[in-house]
Amino acid sequence: MMKPDSKIFVAGHRGLVGSAIVRKLQSSGFTTILTKTRAELDLTSYSDVMAFFSTEKPEFVFLAAAKVGGIQANNIYRADFLLENLKIQNNVIEAAWKHQVKKLMFLGSSCIYPKLAPQPLKEEYLLTGLLEPTNEPYAIAKIAGIKLCESFNRQYGTDFISVMPTNLYGPNDNFDLNSSHVMPALIRKFVSARENNESTVTVWGSGTPMREFLYSDDMADACVFLMQRYSGNEFFNIGTGQDVTIRELAETIQKITGFQGELVFDKTKPDGTPRKLMDVSRLKALGWSPSVPLEEGIRLAVNWYLQNQARFK
Ligand code: GFB
């Protein structure tokens with residue numbers, strides 16, 4: 001397990017999850033946390049990644065770097081989502097094996113499960129049915145990552161574990177309205193509509209899909225918890241075990257941001273998976289549970305956005 005002076009590489013440290021993992025490691029007393037910006041290290045370059053691991057020799061790796069996005073970005077940039085994520089994860093996972101990394105954690109996503117799998121989603125439902133078309137390329141990449149970690153473990157005796165988070169939100173999220181997920185997109189829309197005295201906010205789709213949301217600091221807490229306690233070929237769903245409709249989410253964000261106007265539902269936009277509630281009993285059995293309730297998390301995310309919105313103009 002990681003010791004206070006273990007050399008820990010967090011790939012994707014500026015992102016929503018990566019930045020939360022760095023905060024969690026720092027607050028837990030780990031002193032040697034290695035991070036590289038895209039300019040410093042191109043994770044899609046095999047040679048650059050091999051050279052980095054050869055020079056820096058990290059002992060533990062959190063692979064939180066990926067090309068991510070919401071339903072619209074996934075649906076449009078299909079080849080980019082598949083190719084870039086395969087490159088990143090293949091390079092880092094192979095380098096971790098080649099350079100004897102003690103332990104690696106691969107971060108997947110809840111979209112790996114079949115579109116119409118029974119709810120809540122159990123880990124064993126993986127590969128039991130067709131995927132949601134809007135994010136199938138991304139899901140295929142993430143499934144390949146899970147299988148690559150498991151295959152290295154079985155063939156070469158590595159200690160590579162995988163986690164499948166539900167929809168995440170929090171500081172350093174992507175607030176670009178075309179490529180972001182629903183939570184940051186609606187926060188930005190409601191704040192802007194209130195500030196500009198607009199009469200409506202447009203919500204994509206019908207409002208009926210259901211989604212589960214986990215605050216990024218809870219996700220980071222679960223990642224460090226598992227890195228310290230679990231080794232093996234089972235992967236873990238990480239979530240709250242509760243979901244809301246997109247309409248309920250929008251109404252909650254509307255209340256928190258103080259927007260007084262109307263919601264308009266744009267049915268020309270895709271709903272995507274009707275529901276993807278995670279069964280989190282496997283992780284709960286190890287003794288972990290989240291601590292940030294949804295409404296509190298949304299307030300934290302709205303406040304973070306208000307303090308940083310100049311970055312997203
Ligand atoms: O968060 P989201 O983009 O991705 O969309 P998924 C969730 C739901 O929110 C969809 C609706 O039904 C959207 O139509 N929605 C409503 C909005 N208003 C908006 C809006 O303004 N922006 C966005 N983006 N959505 C993602 C996958 O699926 O889940 C990723 O595409 C990843 O690959 C992520 O797996 C966890 O939750 O549908």
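Residues are numbered from 1 along each chain as its sequence is written, and side-chain values use heavy atoms, with hydrogens and water left out. In this predicted model local features need pLDDT of at least 70, side-chain atom pairs count only at pLDDT 80 or more, and totals for chains, interfaces and linings use all residues.

Me: Which residues come nearest to the ligand?
Reply: A residue is near a molecule if one of its heavy atoms lies within 4 Å of it. There are 23 residues around the ligand. Those that come nearest are I71, S109, K189, P270 and D271.

Me: Which helix gives the most to the shell around the ligand?
Reply: Helices are DSSP runs (H or I, at least four residues) and strands likewise (E, at least two), numbered from the N terminus. At least two shell residues each come from α3 (71–76), α6 (182–195) and β7 (200–204). With 4 residues, the one that gives the most is α6.

Me: What is the distance from an oxygen atom of the ligand to a polar backbone atom of P270?
Reply: A polar contact is a pair of N or O atoms within 3.5 Å. A backbone N or O atom of I71 lies 2.8 Å from a ligand oxygen, and a polar backbone atom of W204 is 2.9 Å from a ligand nitrogen. For P270, the distance to a ligand oxygen is 2.7 Å.

Me: How much of the ligand's accessible area does the protein cover?
Reply: Accessible areas come from the Shrake-Rupley method with a 1.4 Å probe. On its own the ligand has 710 Å². The protein's share of cover is 98%.

Me: At what angle do the axes of α2 and α4 cross?
Reply: Axes are lines fitted to C-alpha atoms, for helices over the stretch in contact, and angles run from 0 to 180 degrees between N-to-C directions. The axes of α2 (residues 46–56) and α4 (residues 78–98) come within 9 Å. Their crossing angle is roughly 35 degrees.

Me: How many residues of the contact of α2 with α4 are nonpolar?
Reply: Contact means heavy atoms within 4.5 Å. Y46, V49, M50 and F53 of α2 meet N91, V92, E94, A95, A96 and K98 of α4. Ala, Val, Leu, Ile, Met, Phe, Trp, Tyr, Cys and Pro count as nonpolar, Asp, Glu, Lys and Arg as charged, and the others, Gly among them, as polar. The contact has 1 polar and 2 charged residues, and the nonpolar count is 7.

How values were computed. Polar contact = N/O pair within 3.5 Å; in protein donor to acceptor, adjacent residues only side chain to side chain.
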